Amino acid sequence: MAGGGGGGDGEPEFQIAPMIDVLLVLLIFFMSITSAQVLQIDKDIKLPVAPDAKKKDGKNQINEGAVNVAYKANKAAIKFGSLSWEDNLQGLVDRLSEMKRNNPSYRIIIRGDRAVPAVEIQKVMNVIGQAGIDDISFSALNNDN
Amino acid sequence: MSKVKHRQLAAEEANMGFQIAPMIDVVFVIMLFFMVMAGAVKVERELKSQLPGIAPASPTEEKEMPDEIIVGVEESGAVTLNEEELDAADNKVLPNFTASLARLKQEADNRGAKVLVTIQAEEQAKYERVIDVLNSLAKAKVANVTFTVGSDQGF
(Lines give C-alpha, C1' and ligand atoms only; values in the text may rest on other atoms or scores of the structure.)
Protein backbone atom coordinates (compact mmCIF):
# COMPACT_ATOMS: atom_id res chain seq x y z
CA MET A 1 0.00 0.00 0.00
CA ALA A 2 1.44 3.33 -1.08
CA GLY A 3 1.05 6.65 0.68
CA GLY A 4 0.23 7.23 4.31
CA GLY A 5 2.75 8.07 6.95
CA GLY A 6 5.65 6.02 8.05
CA GLY A 7 5.90 3.67 5.13
CA GLY A 8 7.99 0.59 5.71
CA ASP A 9 7.21 -2.28 7.99
CA GLY A 10 9.15 -1.27 11.10
CA GLU A 11 7.89 0.42 14.24
CA PRO A 12 7.03 4.14 13.71
CA GLU A 13 9.95 6.18 14.97
CA PHE A 14 9.74 9.19 17.24
CA GLN A 15 10.58 12.21 15.10
CA ILE A 16 12.68 14.69 17.01
CA ALA A 17 12.80 17.49 14.41
CA PRO A 18 9.03 18.30 14.24
CA MET A 19 8.86 18.08 18.03
CA ILE A 20 11.55 20.74 18.33
CA ASP A 21 9.66 22.90 15.83
CA VAL A 22 6.48 22.65 17.88
CA LEU A 23 8.34 23.30 21.13
CA LEU A 24 10.01 26.40 19.78
CA VAL A 25 6.72 27.77 18.44
CA LEU A 26 5.09 27.21 21.85
CA LEU A 27 8.07 28.82 23.56
CA ILE A 28 7.88 31.90 21.36
CA PHE A 29 4.11 32.11 21.92
CA PHE A 30 4.39 32.05 25.70
CA MET A 31 7.35 34.42 25.66
CA SER A 32 5.44 36.95 23.60
CA ILE A 33 2.27 36.90 25.71
CA THR A 34 4.18 37.30 28.95
CA SER A 35 6.61 39.97 27.88
CA ALA A 36 4.37 42.07 25.63
CA GLN A 37 1.88 42.76 28.39
CA VAL A 38 4.19 43.44 31.28
CA LEU A 39 3.18 46.67 32.94
CA GLN A 40 5.26 49.71 32.30
CA ILE A 41 3.88 52.07 34.87
CA ASP A 42 5.16 54.08 37.78
CA LYS A 43 6.34 51.70 40.48
CA ASP A 44 5.01 54.01 43.22
CA ILE A 45 1.46 53.48 42.05
CA LYS A 46 -0.55 50.48 43.13
CA LEU A 47 -3.39 50.35 40.65
CA PRO A 48 -6.87 49.25 41.74
CA VAL A 49 -8.31 46.02 40.36
CA ALA A 50 -11.18 45.93 37.87
CA PRO A 51 -11.45 42.50 36.23
CA ASP A 52 -14.46 43.51 34.12
CA ALA A 53 -12.82 46.56 32.58
CA LYS A 54 -11.96 46.53 28.91
CA LYS A 55 -8.57 45.49 27.63
CA LYS A 56 -6.42 48.35 26.48
CA ASP A 57 -5.91 48.43 22.75
CA GLY A 58 -2.32 49.36 22.09
CA LYS A 59 -3.12 51.00 18.76
CA ASN A 60 -3.69 54.55 19.89
CA GLN A 61 -0.63 55.10 22.01
CA ILE A 62 0.43 58.22 20.10
CA ASN A 63 -2.89 59.87 20.90
CA GLU A 64 -2.84 59.18 24.59
CA GLY A 65 -1.05 60.40 27.64
CA ALA A 66 -1.08 59.20 31.22
CA VAL A 67 -1.60 61.26 34.33
CA ASN A 68 -0.22 59.33 37.29
CA VAL A 69 -1.59 60.09 40.73
CA ALA A 70 0.64 58.63 43.43
CA TYR A 71 -0.17 58.86 47.12
CA LYS A 72 2.68 59.18 49.59
CA ALA A 73 2.62 60.42 53.18
CA ASN A 74 -1.04 61.41 52.89
CA LYS A 75 -0.28 63.64 49.94
CA ALA A 76 -1.13 63.15 46.30
CA ALA A 77 1.59 63.73 43.73
CA ILE A 78 0.39 64.22 40.19
CA LYS A 79 2.77 63.33 37.39
CA PHE A 80 2.49 63.88 33.67
CA GLY A 81 5.48 62.68 31.72
CA SER A 82 8.57 63.71 33.64
CA LEU A 83 6.93 66.68 35.34
CA SER A 84 5.13 66.53 38.65
CA TRP A 85 2.71 68.78 40.51
CA GLU A 86 1.33 68.81 44.03
CA ASP A 87 -0.85 71.83 44.76
CA ASN A 88 -0.94 74.33 41.93
CA LEU A 89 -2.21 72.44 38.92
CA GLN A 90 -2.31 75.37 36.48
CA GLY A 91 0.93 74.16 34.91
CA LEU A 92 -0.69 70.81 34.17
CA VAL A 93 -3.72 72.53 32.60
CA ASP A 94 -1.40 74.48 30.28
CA ARG A 95 0.60 71.38 29.39
CA LEU A 96 -2.53 69.33 28.62
CA SER A 97 -4.10 72.20 26.65
CA GLU A 98 -0.97 72.33 24.51
CA MET A 99 -1.14 68.58 23.88
CA LYS A 100 -4.81 68.86 22.93
CA ARG A 101 -4.07 71.75 20.55
CA ASN A 102 -1.35 69.76 18.82
CA ASN A 103 -3.46 66.62 18.60
CA PRO A 104 -7.28 67.05 18.68
CA SER A 105 -7.89 63.35 19.33
CA TYR A 106 -5.67 63.36 22.39
CA ARG A 107 -6.95 61.31 25.32
CA ILE A 108 -5.85 60.84 28.89
CA ILE A 109 -5.50 57.76 31.05
CA ILE A 110 -5.74 58.40 34.77
CA ARG A 111 -3.52 56.02 36.68
CA GLY A 112 -4.39 56.57 40.30
CA ASP A 113 -3.05 54.74 43.32
CA ARG A 114 -5.76 52.71 45.01
CA ALA A 115 -5.29 54.64 48.28
CA VAL A 116 -5.77 58.09 46.72
CA PRO A 117 -8.83 59.93 48.10
CA ALA A 118 -11.59 60.37 45.52
CA VAL A 119 -11.31 64.14 45.77
CA GLU A 120 -7.77 64.06 44.31
CA ILE A 121 -9.01 62.16 41.27
CA GLN A 122 -11.79 64.68 40.90
CA LYS A 123 -9.19 67.47 40.89
CA VAL A 124 -7.37 65.68 38.07
CA MET A 125 -10.62 65.27 36.13
CA ASN A 126 -11.27 68.96 36.68
CA VAL A 127 -7.84 69.82 35.23
CA ILE A 128 -8.39 67.54 32.24
CA GLY A 129 -11.80 69.13 31.65
CA GLN A 130 -10.26 72.63 31.83
CA ALA A 131 -7.69 71.59 29.23
CA GLY A 132 -10.57 70.71 26.89
CA ILE A 133 -9.94 66.97 26.84
CA ASP A 134 -13.13 64.96 27.07
CA ASP A 135 -11.97 61.42 26.36
CA ILE A 136 -10.54 59.88 29.51
CA SER A 137 -10.18 56.44 31.00
CA PHE A 138 -9.31 55.06 34.39
CA SER A 139 -6.53 52.54 34.55
CA ALA A 140 -6.87 49.34 36.53
CA LEU A 141 -5.38 45.85 36.69
CA ASN A 142 -6.98 42.58 35.65
CA ASN A 143 -5.85 40.79 38.80
CA ASP A 144 -3.97 41.42 42.00
CA ASN A 145 -1.50 38.48 42.10
CA MET B 1 52.08 6.88 21.39
CA SER B 2 50.60 8.15 18.12
CA LYS B 3 47.76 5.64 18.45
CA VAL B 4 46.75 7.07 21.82
CA LYS B 5 46.78 10.63 20.42
CA HIS B 6 44.69 9.58 17.48
CA ARG B 7 42.13 7.98 19.80
CA GLN B 8 41.91 11.15 21.92
CA LEU B 9 41.27 13.28 18.84
CA ALA B 10 38.56 10.92 17.64
CA ALA B 11 36.80 11.08 21.01
CA GLU B 12 36.91 14.91 21.00
CA GLU B 13 35.49 15.04 17.51
CA ALA B 14 32.66 12.74 18.52
CA ASN B 15 31.72 15.05 21.45
CA MET B 16 31.70 18.20 19.31
CA GLY B 17 28.32 17.31 17.77
CA PHE B 18 25.17 19.21 18.72
CA GLN B 19 23.43 17.54 21.66
CA ILE B 20 19.68 17.53 21.14
CA ALA B 21 18.58 16.00 24.46
CA PRO B 22 19.86 18.74 26.81
CA MET B 23 18.53 21.36 24.41
CA ILE B 24 15.05 19.87 24.66
CA ASP B 25 15.39 19.80 28.46
CA VAL B 26 16.27 23.47 28.56
CA VAL B 27 13.53 24.45 26.11
CA PHE B 28 10.99 22.52 28.19
CA VAL B 29 12.05 24.29 31.37
CA ILE B 30 11.91 27.73 29.72
CA MET B 31 8.51 26.93 28.23
CA LEU B 32 7.14 25.78 31.58
CA PHE B 33 8.39 29.01 33.16
CA PHE B 34 6.63 31.16 30.57
CA MET B 35 3.45 29.05 30.76
CA VAL B 36 3.28 29.56 34.52
CA MET B 37 4.06 33.28 34.17
CA ALA B 38 1.40 33.70 31.49
CA GLY B 39 -1.36 32.93 34.00
CA ALA B 40 -0.19 35.42 36.59
CA VAL B 41 0.69 38.27 34.27
CA LYS B 42 -0.79 41.64 35.19
CA VAL B 43 -2.43 43.45 32.32
CA GLU B 44 -3.54 47.04 32.36
CA ARG B 45 -7.26 47.49 31.77
CA GLU B 46 -9.21 50.68 31.25
CA LEU B 47 -12.58 52.01 32.26
CA LYS B 48 -13.49 54.54 29.60
CA SER B 49 -15.32 57.71 30.45
CA GLN B 50 -16.31 60.93 28.78
CA LEU B 51 -16.05 64.36 30.31
CA PRO B 52 -18.76 66.91 29.52
CA GLY B 53 -18.30 70.19 27.70
CA ILE B 54 -17.31 69.13 24.21
CA ALA B 55 -20.38 67.09 23.27
CA PRO B 56 -22.48 69.12 20.81
CA ALA B 57 -25.91 70.10 22.07
CA SER B 58 -28.88 69.21 19.89
CA PRO B 59 -31.69 71.61 20.86
CA THR B 60 -34.09 70.40 18.17
CA GLU B 61 -34.01 66.84 19.43
CA GLU B 62 -36.50 66.17 22.15
CA LYS B 63 -34.74 64.55 25.03
CA GLU B 64 -36.28 62.04 27.32
CA MET B 65 -35.20 62.36 30.92
CA PRO B 66 -33.04 59.38 31.88
CA ASP B 67 -33.59 57.27 34.97
CA GLU B 68 -31.14 58.64 37.48
CA ILE B 69 -29.54 56.33 39.99
CA ILE B 70 -27.50 57.79 42.83
CA VAL B 71 -24.59 55.66 43.96
CA GLY B 72 -22.90 56.76 47.15
CA VAL B 73 -19.34 55.81 48.07
CA GLU B 74 -18.57 56.46 51.71
CA GLU B 75 -15.27 56.90 53.46
CA SER B 76 -15.84 53.62 55.32
CA GLY B 77 -16.06 51.80 51.98
CA ALA B 78 -19.84 51.38 52.10
CA VAL B 79 -21.51 51.61 48.69
CA THR B 80 -25.13 52.68 48.55
CA LEU B 81 -27.63 52.45 45.71
CA ASN B 82 -30.24 55.16 46.10
CA GLU B 83 -29.23 55.41 49.78
CA GLU B 84 -29.60 51.69 50.35
CA GLU B 85 -26.54 49.69 51.32
CA LEU B 86 -26.60 46.34 49.56
CA ASP B 87 -23.17 44.83 50.21
CA ALA B 88 -20.66 44.78 53.03
CA ALA B 89 -18.14 47.63 53.08
CA ASP B 90 -15.23 45.24 52.52
CA ASN B 91 -16.81 43.29 49.68
CA LYS B 92 -14.87 44.15 46.53
CA VAL B 93 -17.11 42.30 44.08
CA LEU B 94 -20.36 44.01 45.19
CA PRO B 95 -22.62 41.15 43.96
CA ASN B 96 -25.98 42.50 45.19
CA PHE B 97 -25.16 46.00 43.97
CA THR B 98 -24.18 44.70 40.52
CA ALA B 99 -27.29 42.49 40.29
CA SER B 100 -29.56 45.41 41.25
CA LEU B 101 -27.90 47.66 38.68
CA ALA B 102 -28.27 45.00 35.99
CA ARG B 103 -31.97 44.63 36.87
CA LEU B 104 -32.52 48.39 36.73
CA LYS B 105 -30.67 48.60 33.41
CA GLN B 106 -32.71 45.72 31.97
CA GLU B 107 -35.93 47.30 33.09
CA ALA B 108 -34.94 50.69 31.61
CA ASP B 109 -33.88 49.04 28.34
CA ASN B 110 -37.28 47.35 28.07
CA ARG B 111 -38.92 50.76 28.36
CA GLY B 112 -36.42 52.30 25.94
CA ALA B 113 -35.16 54.69 28.59
CA LYS B 114 -31.57 55.54 29.47
CA VAL B 115 -29.95 54.92 32.81
CA LEU B 116 -27.80 57.67 34.27
CA VAL B 117 -25.69 56.81 37.28
CA THR B 118 -24.31 59.55 39.48
CA ILE B 119 -21.46 58.49 41.71
CA GLN B 120 -21.36 60.61 44.84
CA ALA B 121 -18.10 59.83 46.55
CA GLU B 122 -17.15 61.33 49.88
CA GLU B 123 -13.99 63.43 49.68
CA GLN B 124 -11.86 60.96 51.60
CA ALA B 125 -13.45 57.85 50.07
CA LYS B 126 -10.81 55.62 48.53
CA TYR B 127 -10.34 55.74 44.77
CA GLU B 128 -10.14 51.93 44.85
CA ARG B 129 -13.76 51.81 45.99
CA VAL B 130 -14.80 54.16 43.17
CA ILE B 131 -13.10 51.78 40.73
CA ASP B 132 -14.98 48.86 42.32
CA VAL B 133 -18.21 50.73 41.60
CA LEU B 134 -17.11 51.52 38.02
CA ASN B 135 -16.24 47.85 37.57
CA SER B 136 -19.75 46.88 38.70
CA LEU B 137 -21.19 49.45 36.29
CA ALA B 138 -19.13 47.97 33.47
CA LYS B 139 -20.41 44.52 34.43
CA ALA B 140 -24.01 45.77 34.39
CA LYS B 141 -23.28 47.51 31.05
CA VAL B 142 -24.26 50.95 32.35
CA ALA B 143 -22.51 53.54 30.20
CA ASN B 144 -23.75 56.92 31.42
CA VAL B 145 -21.87 57.84 34.55
CA THR B 146 -21.32 61.17 36.24
CA PHE B 147 -19.14 61.92 39.24
CA THR B 148 -19.67 64.09 42.25
CA VAL B 149 -17.16 64.30 45.05
CA GLY B 150 -17.80 65.96 48.37
CA SER B 151 -19.18 69.35 47.41
CA ASP B 152 -21.71 69.98 44.67
CA GLN B 153 -19.03 70.38 42.01
CA GLY B 154 -18.80 67.36 39.78
CA PHE B 155 -18.39 65.72 36.38
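The model is predicted; local features need pLDDT of at least 70, side-chain atom pairs count only at pLDDT 80 or more, and totals for chains, interfaces and linings use all residues. Residues are numbered from 1 along each chain as its sequence is written, and chains are lettered from A, with ligands numbered from 1, in the order in which they are written.

Chain A contains three helices and six strands. Helices (H or I, at least four residues) and strands (E, at least two) are DSSP runs, numbered from the N terminus. The order of elements in chain A is α-β-β-β-β-α-β-α-β, read from the N terminus. Of its 145 residues, 28% are buried. A residue is buried if 20 or more other C-beta atoms lie within 10 Å of its own, exposed if 12 or fewer, and partly exposed in between, with C-beta atoms placed from the backbone. Among contacts in chain A with a separation of 6 or more, 74% link residues 24 or more positions apart. Two residues are in contact if their C-beta atoms, placed from the backbone, lie within 7 Å.

The contact between the chains draws 45 residues from chain A and 41 residues from chain B. On the side of chain A that touches chain B, helix 1 (16-35), strand 1 (54-55), strand 5 (107-112), helix 3 (118-130) and strand 6 (135-141) each supply at least two residues. Helix 1 of chain A gives the largest share of that side, 10 residues. By class, the side has 28 nonpolar, 10 polar and seven charged residues. Here Ala, Val, Leu, Ile, Met, Phe, Trp, Tyr, Cys and Pro count as nonpolar, Asp, Glu, Lys and Arg as charged, and the others, Gly among them, as polar.

An open sheet of seven strands has the order 1(A)-1(B)-6(A)-5(A)-2(A)-3(A)-4(A), with mixed pairing. Strand 1 and strand 4 (83-85) of chain A stand at the edges with a single partner strand each, so one side of each lacks a neighbour in the sheet. Two strands pair if DSSP finds at least two bridges between them. Strand 6 of chain A and strand 1 (residues 44-50) of chain B run antiparallel and are joined by seven bridges. Phe138(A) stands opposite Leu47(B). Two bridges join strand 1 of chain A to strand 1 of chain B, also antiparallel. There, Lys54(A) has Glu46(B) as its bridge partner.

Within chain B, strand 2 (residues 67-73) runs parallel to strand 5 (residues 115-121) over seven bridges. Strand 2 of chain B also pairs with strand 3 (residues 79-81) of chain B, antiparallel, over three bridges. In this hairpin, five residues lie between the strands, and Gly77(B) takes a positive phi near 100°.

The largest nonpolar core has 56 residues, and Ile128(A) and Val130(B) have the most contacts inside it. Such a core is a set of buried Ala, Val, Leu, Ile, Met, Phe, Trp, Tyr and Cys residues joined through C-beta atoms within 7 Å. Helix 4 (residues 127-139) of chain B gives the largest share of this core, seven residues. Leaving aside residues up to four places away in sequence, Val130(B) touches Ala118(A), Val73(B), Ile119(B), Ala121(B) and Ala125(B). Tyr127(B) lies in helix 4 of chain B. Tyr127(B) is buried, with 27 other C-beta atoms within 10 Å. Beyond its neighbours within four places in sequence, the contacts of Tyr127(B) are Pro48(A), Gly112(A), Arg114(A), Val116(A), Ala118(A) and Ile121(A).
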